[in-house]
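Student: I have just opened this one and would like to be walked through it. Where shall we begin?
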Amino acid sequence: MRLGSMLPWLLLLSLFSTISHGFVTPRTMLNRLSGSSNYLTQEELWFNQTLDHFSPYDHRRFQQRYYEFLDHFRLPDGPIFLKICGESACTGIANDYISVLAKKFGAAVVSLEHRYYGKSSPFNSLKTENLRYLSSKQALFDLAVFRQYYQDSLNSKLNRANVENPWFVFGVSYPGALSAWFRLKFPHLTCGSLASSAVVLSVYNFPEFDQQIGESAGAECKAALQETNQLVEQRLATEGKSVKTLFGASELEIDGDFFYFLADAAVIAFQYGNPDKLCSPLVEAKKAGDDLVNAYAKYVNEYYLGSFGVNVQTYNQKHLKNTALSEDSSDRLWWFQVCTEVAYFQVAPLNDSIRSTKVDTRYHLDLCKNVFGEGIYPDVAATNIYYGGTKIAGSKIVFTNGSQDPWRHASKQTSSTDMPSYLITCHNCGHGTDLRGCPQAPLSIEGNSQNCSSPDAVNKVRQQIVENIDLWLSQCQDLARCST
């Protein structure tokens with residue numbers, strides 16, 4: 001996924017216009033929202049951002065889109081919640097559980113679009129050399145500079161100087177990692193962070209991803225998926241074009257792209273809390289002796305490409321090579337981050353794999369080279385050295401994960417001093433359950449937990465989140481009073 005699969009970082013969506021690797025889809029990790037009730041606001045605001053935060057000589061700037069929601073803001077000293085956008089266009093502030101938290105704490109909510117994505121691109125062409133400023137490190141500095149800009153603007157509006165509201169940072173998936181990393185790198189700029197399904201560990205080969213899908217599916221569904229993929233591979237060898245057409249994917253000329261597409265189609269059911277949409281018809285077909293390939297194709301066409309809304313071209317390397325700026329550019333952009341920083345190569349495990357063994361390390365490296373040129377590869381070791389991976393040496397960060405989410409194996413799943421980690425366990429608890437509720441896609445208004453198979457499991461973790469936010473905001477305010 002992207003982690004939105006990859007962000008299944010992707011992945012990886014943040015919760016806005018599309019989910020995306022990694023988190024739409026797994027491969028682009030992207031969520032689709034529609035209807036005004038799904039947003040707290042969609043009113044665009046703009047901020048003049050620095051292009052290269054690490055150069056003392058380059059003073060170029062670009063316009064970065066952001067949003068603010070002030071309906072619950074307790075003037076003048078209420079907290080400010082910074083909700084991080086990720087690897088897709090940020091088209092507003094989604095009406096998920098953060099709206100409940102904002103009302104509870106009297107908080108303003110602001111959200112900054114990630115550089116390069118959506119309308120926040122510094123360049124009109126996305127050729128590889130223009131992507132050199134696309135990185136998590138630059139994005140973190142964007143957030144820090146924006147945070148200062150917004151605080152100064154608020155002080156100016158309130159006719160005051162040198163006053164700091166307490167800030168708290170939120171993110172899901174890749175933005176969840178950014179949330180944790182922001183607190184790590186800029187602890188003086190936030191009272192704490194919520195890192196939901198936060199993929200803080202960069203992983204070169206990630207077979208645990210596929211293994212979790214098998215565990216989440218259960219024995220019957222897993223066996224049906226494995227048999228289905230074996231049958232698809234056999235038929236592809238003799239009737240490739242007709243098999244791809246059956247799945248609505250005739251444009252995918254590279255077999256690896258097609259198998260990645262088929263793998264993500266299954267992943268999305270577990271990652272976003274809709275396992276029965278996949279497993280029920282597939283297990284029934286197997287028990288009845290029906291054609292499993294046709295049953296899976298029906299699911300892919302009606303759900304994955306249909307109601308979920310994934311575009312097949314997301315998996316087409318010809319599309320990923322397109323350097324023209326467009327609403328579909330997120331696919332290319334996220335893959336650049338995958339191919340330079342974080343990898344999350346969702347390879348088939350050596351044994352008992354669900355996905356095709358053709359989705360291997362070579363497939364991913366060939367994709368990076370084909371799409372971006374020679375010399376592009378993910379320096380995973382450098383990324384983990386810089387941030388710490390699951391050994392992140394931060395403080396006042398809450399980590400949360402859903403039991404069925406394959407991305408949790410790239411997150412911090414054990415508690416440590418000042419960094420509690422909670423696992424929400426239920427049948428349909430996937431990516432970002434604490435903020436999104438169930439299912440995680442499409443959007444559940446205010447992160448409604450009633451459709452989770454165990455609402456109590458979700459609500460207990462949410463209570464822990466509230467208590468940590470309350471404590472850390474109070475400590476922040478006490479420190480501010482002592483320093484004045």
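Tutor: Please note that this is a predicted model. We may begin with helix 5 (residues 255-271) and helix 7 (residues 292-307), whose axes come within 11 Å and cross at roughly 70 degrees.

Student: What does that angle make helix 5 relative to helix 7?

Tutor: Helix 5 is roughly perpendicular to helix 7, because angles of 65 to 115 degrees count as such. The crossing of the two helices is left-handed.

Student: Which residues make the contact?

Tutor: Helix 5 contributes F261, L262, D264, A265, A266, I268 and A269. From helix 7 come Y296, Y299, V300, Y303, Y304 and L305.

Student: And how many of them are nonpolar, polar or charged?

Tutor: The contact has 12 nonpolar residues, no polar ones and 1 charged.

Student: Changing topic: how many aromatic pairs does the structure hold?

Tutor: There are 41 aromatic pairs. One of them joins Y150 and W167: the ring centres are 6.1 Å apart and the planes stand at 85 degrees, so the pair is edge-to-face.

Student: Where in the chain do Y150 and W167 sit?

Tutor: Y150 belongs to helix 2 (residues 136-157) and W167 to strand 9 (residues 167-172). They are 17 residues apart, and the pair links distant parts of the chain.

Student: Are Y150 and W167 buried or exposed?

Tutor: Both Y150 and W167 are buried.

Student: What about helix 9, then: why is it described as largely enclosed?

Tutor: Helix 9 (residues 330-342) has 12 of its 13 residues buried, so the rest of the structure largely encloses it. Among the buried residues are W334, W335 and F336.

Student: Which residue follows helix 9?

Tutor: A343 follows helix 9, and its phi is positive, near 65 degrees.

How values were computed: Residues numbered from 1 in each chain as written. Predicted model: local features only at pLDDT ≥ 70, side-chain atom pairs only at ≥ 80, totals over all residues. Heavy atoms only, no water. Axes fitted to C-alpha atoms, helices over the stretch in contact; angles between N-to-C directions. Helix = DSSP H or I, 4+ residues; strand = E, 2+ residues; numbered from the N terminus. Parallel < 35°, antiparallel > 145°, perpendicular 65-115°, else oblique. Left-handed = near helix turned anticlockwise from the far one by under 90°. Contact = heavy atoms within 4.5 Å. Nonpolar A, V, L, I, M, F, W, Y, C, P; charged D, E, K, R; others polar. Phe/Tyr/Trp six-rings, centres within 6.5 Å; stacked < 30°, edge-to-face > 60°. Buried < 20%, exposed > 50% of the residue type's maximum accessible area, 1.4 Å probe, protein only.
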